[in-house]
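I opened the model and kept a running notebook of what I looked up. The entries follow in the order I made them.

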Amino acid sequence: MKILGISGSPKAGGNNDKLIERVLSIAEDRVFETETVFISSSSIAPCTACGVCAKEGGKCPIEDGMETVYNKLLSADGIIVSSPVYFGTMTAQLKALFDRSVLLRRQGFQLSNKVGAAMAVGGSRNGGQEKTIQSIHEWMHIHGMIVIGDGGHFGGILQKPAQDDEEGMKTAVDTVNKLCDVLEMMK
């Protein structure tokens, strides 16, 4: 089974990129195949609500890195998304990816029943991480995904620098392990 990790940070090599790499290494240790999308190295324009994707067989007319992302989303059994907290919620770059994924919904709910989990890194312990995770969960629910948390709460809630946040890192580890557990139960 395959897990896709999406880092919603526009900063290459930052907290969220490292966090995605860390949790995916745990999934690999559990014998899952993994793939990544790093917003920092992706070019994804915002949706223009042109409606082309709503037509039968419609494709998005915007030509950019989203075509690769569509393929990765479709081939994944589980999706784990991490975002820094920007002004109380996810980054604009991650939101652009989410908005453009409407094509997969309009063309037959193609993400339905995939398992999804979320993580967020804020500047302080209570820096908007739960609201950011809630926004990511809303995207997953709209696609009909099966949304899981860390086993007791919403998902991975970390304070930067994430690698030094022992309490937060435990929630991230618990989140990816719960994602793996659910995928194994669904096999």
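**Notebook: cysteines, helices, loops**

I began with Cys-47, which counts as partly exposed because its relative accessibility is 36%. I note here that I am working with a predicted model.

Next I looked for a partner to Cys-47. The closest cysteine sulfur is that of Cys-53, 6.4 Å away, so the pair is too far apart for a bond. The cut-off for a disulfide is a sulfur pair within 2.5 Å.

I repeated the check for Cys-50. Its sulfur has that of Cys-60 as the closest cysteine sulfur, at 6.2 Å, which is again too far for a bond. Cys-50 has 45% relative accessibility and therefore counts as partly exposed.

**Helix α6**

I turned to α6, residues 166-186.

**α1 against α6**

I looked at this helix pair in its own right. The axes of α1 and α6 are 9 Å apart, and the packing angle is about 45 degrees. That angle makes α1 oblique to α6. From α1, the contact is made by Leu-19, Arg-22, Val-23, Ile-26 and Ala-27. From α6, it is made by Met-169, Ala-172, Val-173, Val-176, Asn-177 and Cys-180. I logged the crossing of α1 past α6 as right-handed.

**Helix α3**

I asked which residues of α3 are buried. They are Leu-94, Ala-96, Leu-97, Phe-98 and Arg-100. I marked Arg-100 in my list as one of these buried residues. The buried residues of α3 pack against the strands β1, β2 (33-38) and β3. They also pack against the helices α2 (66-75), α4 and α5.

**Thr-132**

I moved on to α5, residues 129-142, which holds Thr-132. Is Thr-132 buried or exposed? Its relative accessibility is 0%, so Thr-132 counts as buried. I then set aside neighbours within four places in sequence and looked up what remains in contact with Thr-132. The contacts are Ser-83, Pro-84, Val-85, Gly-88, Thr-89, Met-90 and Ala-120.

**Backbone in the loops**

I finished with backbone angles. Phe-87 is in the loop between β3 and α3 (92-100). Its phi is near 50 degrees, a positive value in a residue other than glycine. Phe-87 has a relative accessible area of 89%, so I noted it as exposed.

Asn-113 also has a positive phi, about 70 degrees, although it is not a glycine. I placed Asn-113 in the loop between α4 (102-106) and β4.

Where is the cis peptide bond that involves Pro-161? It joins Lys-160 and Pro-161, with omega about -5 degrees. Pro-161 has its place in the loop between β6 and α6.

Notes
Residues numbered from 1 in each chain as written. Predicted model: local features only at pLDDT ≥ 70, side-chain atom pairs only at ≥ 80, totals over all residues. Heavy atoms only, no water. Helix = DSSP H or I, 4+ residues; strand = E, 2+ residues; numbered from the N terminus. Expected span 1.5 Å × (residues − 1). Buried < 20%, exposed > 50% of the residue type's maximum accessible area, 1.4 Å probe, protein only. Contact = heavy atoms within 4.5 Å. Axes fitted to C-alpha atoms, helices over the stretch in contact; angles between N-to-C directions. Parallel < 35°, antiparallel > 145°, perpendicular 65-115°, else oblique. Left-handed = near helix turned anticlockwise from the far one by under 90°.
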